[in-house]
Amino acid sequence: MYLGHFALREAPFSITPDTDFYFAHDGAQAALNTLLVALRSGEGFLKVVGELGCGKTVLCRQLLKTLHSECVTAYIPNPDMGPDDLLCALAIELGLEVELPPHRHTVMTLISNCLLTHATAGRRVVVCIDEAQAIPVRSLESLRLLSNLETEKRKLIQLVLLGQPDLDTKLARPEIRQLLQRITFSEYLGPMARASVGEYVRHRLARAAANEHTDLEVFTPEAIDRLAVATAGVPRLINVIAHKCLLLAYGQGVHRVSAAHVKLAVGDTPGLRPFPTGGGLWWNPWTWWKQQSGATRTAGEVLE
């Protein structure tokens, strides 16, 4: 709707994970660097825990994109399935043909032979499992058994679990402590720093620009400040509010997003109410922001 108005070729603030828009803020880049170093060093089990909306999926896809030319990769986005189905999903991701109905021993044998073939050819196999907090406990045991596959020199498969904080709670259960002990590297992915929000907004506008004449300073400094405060640096929330702001500016026929636009967009987004109820945020962004910045202003004062 507003693409021509702002000289954009595509929507810059879509909430769909897209590596073309990957923004290497400090937290995301630190997590990516740790994963790359650990995987290239041959570590078998890695974990990334990220807060809701902080970019775990796009981080995962960026990792797979980076590794694509140097190893065999597989991606399981929805692991909420039983042990047999999870193994079948992995086999299919590795390009194997699974006969129906599947039998666990047969599928495990197929996967083992496949991994040995890749290892003999000098290829590493990396499997990323997104939304890992949804994996049933009994299915986690299947992953532990997969991690047993190794030669005298190296692991045959490297597993990366990416999930919300509930993943840590699940992994702490006594019955799967053996799996927790195998995780050699863990990273945390939280909101971006307040000072990075303006750079993030300009980065996404630049990636979506139609040409070199596209204005990347659409958001005023005051608008950026309020956007950072209202969203507490959570990328998904920044995208939601920024998109609404562009719609508001377009509707008014102006080419600048002001602090007033941000205020209206925040008011139209139930998840950003300072005191959420029902399906609101699981933490208070105003409290988080004051803790990060040492601010003493109230939410009402910030938006006035």
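**Figure 1. Gln-62 and its contacts.** Leaving aside neighbours within four places in sequence, Gln-62 is in contact (heavy atoms within 4.5 Å) with Thr-19, Tyr-22 and Leu-32. This is a predicted model, in which local features need pLDDT of at least 70 and side-chain atom pairs count only at pLDDT 80 or more, while totals for chains, interfaces and linings use all residues. Residues are numbered from 1 along each chain as its sequence is written, and side-chain values use heavy atoms, with hydrogens and water left out. Gln-62 sits in helix 2, residues 56–67. Helices (H or I, at least four residues) and strands (E, at least two) are DSSP runs, numbered from the N terminus. Gln-62 counts as buried because its relative accessibility is 14%. Buried means under 20% relative accessible area, exposed over 50%, and partly exposed in between, with a 1.4 Å probe and protein chains only.

**Figure 2. The whole chain.** The chain has 13 helices and five strands. Of its 304 residues, 49% are buried. Among contacts in the chain with a separation of 6 or more, 74% are between residues 24 or more positions apart.

**Figure 3. The largest pocket.** The largest pocket holds about 430 Å³ of space. A pocket is an open set of points on a 1 Å grid over the protein atoms alone, where a 1.4 Å probe fits, with protein on both sides within 12 Å along at least five of seven lines. Grid points are joined across faces, edges and corners, and the volume is the space filled by probe spheres set on the points. The lining has 27 residues, each with an atom within 4 Å of a point. Gly-53, Cys-54, Gly-55, Val-58 and Pro-235 lie nearest the centre of the largest pocket. Helix 2, helix 8 (197–208) and helix 10 (235–252) each supply at least two lining residues. Helix 2 gives the most, with four. By class, the lining has 14 nonpolar, eight polar and five charged residues. Here Ala, Val, Leu, Ile, Met, Phe, Trp, Tyr, Cys and Pro count as nonpolar, Asp, Glu, Lys and Arg as charged, and the others, Gly among them, as polar.

Figure 4. Gly-53 lies in the loop between strand 1 and helix 2. Gly-53 counts as buried because its relative accessibility is 7%. Not counting residues up to four places away in sequence, Gly-53 touches Val-234, Pro-235 and Arg-236. Gly-53 and Arg-236 are 183 residues apart along the chain, and their C-alpha atoms are separated by 4.9 Å.

**Figure 5. Strand 1 and its partners.** Six of the six residues of strand 1 are buried. Phe-45, Lys-47 and Val-49 are on one side, and Leu-46, Val-48 and Gly-50 on the other. Strand 1 runs parallel to strand 4, joined by five bridges. Two strands pair if DSSP finds at least two bridges between them. Leu-46 stands opposite Val-160 in strand 4, and Val-49 stands opposite Gly-163. Five bridges also join strand 1 to strand 5 (residues 185–189), again in parallel. In strand 5, Leu-46 has Phe-185 as its bridge partner.

**Figure 6. Strand 4, covered on both faces.** Six of the six residues of strand 4 are buried. Gln-158, Val-160 and Leu-162 point one way, whereas Leu-159, Leu-161 and Gly-163 point the other way. Strand 3 pairs with strand 4 in the parallel sense over four bridges. Ile-129 stands opposite Leu-161 in strand 4.

**Figure 7. The largest nonpolar core.** This core has 38 residues, and those with the most contacts inside it are Leu-90, Leu-94, Ile-111 and Leu-143. Two or more residues come from each of strand 1 (45–50), strand 2 (72–76), helix 3 (83–93), helix 4 (104–120), strand 3 (125–129), helix 5 (137–147), strand 4 (158–163) and helix 6 (166–171). Helix 4 gives the most to this core, with six residues. A nonpolar core is a set of buried Ala, Val, Leu, Ile, Met, Phe, Trp, Tyr and Cys residues joined through side-chain atoms within 4.5 Å. Apart from this core lies another, of 33 residues, among them Leu-8, Val-218, Ala-223 and Leu-227.

**Figure 8. Leu-143 and helix 5.** Not counting residues up to four places away in sequence, Leu-143 touches Phe-45, Leu-86, Ile-129, Ile-135, Leu-159 and Leu-161. Helix 5 is mostly covered, with eight of its 11 residues buried. Leu-143 is one of these buried residues, which also include Val-137, Leu-140, Arg-144 and Leu-146.
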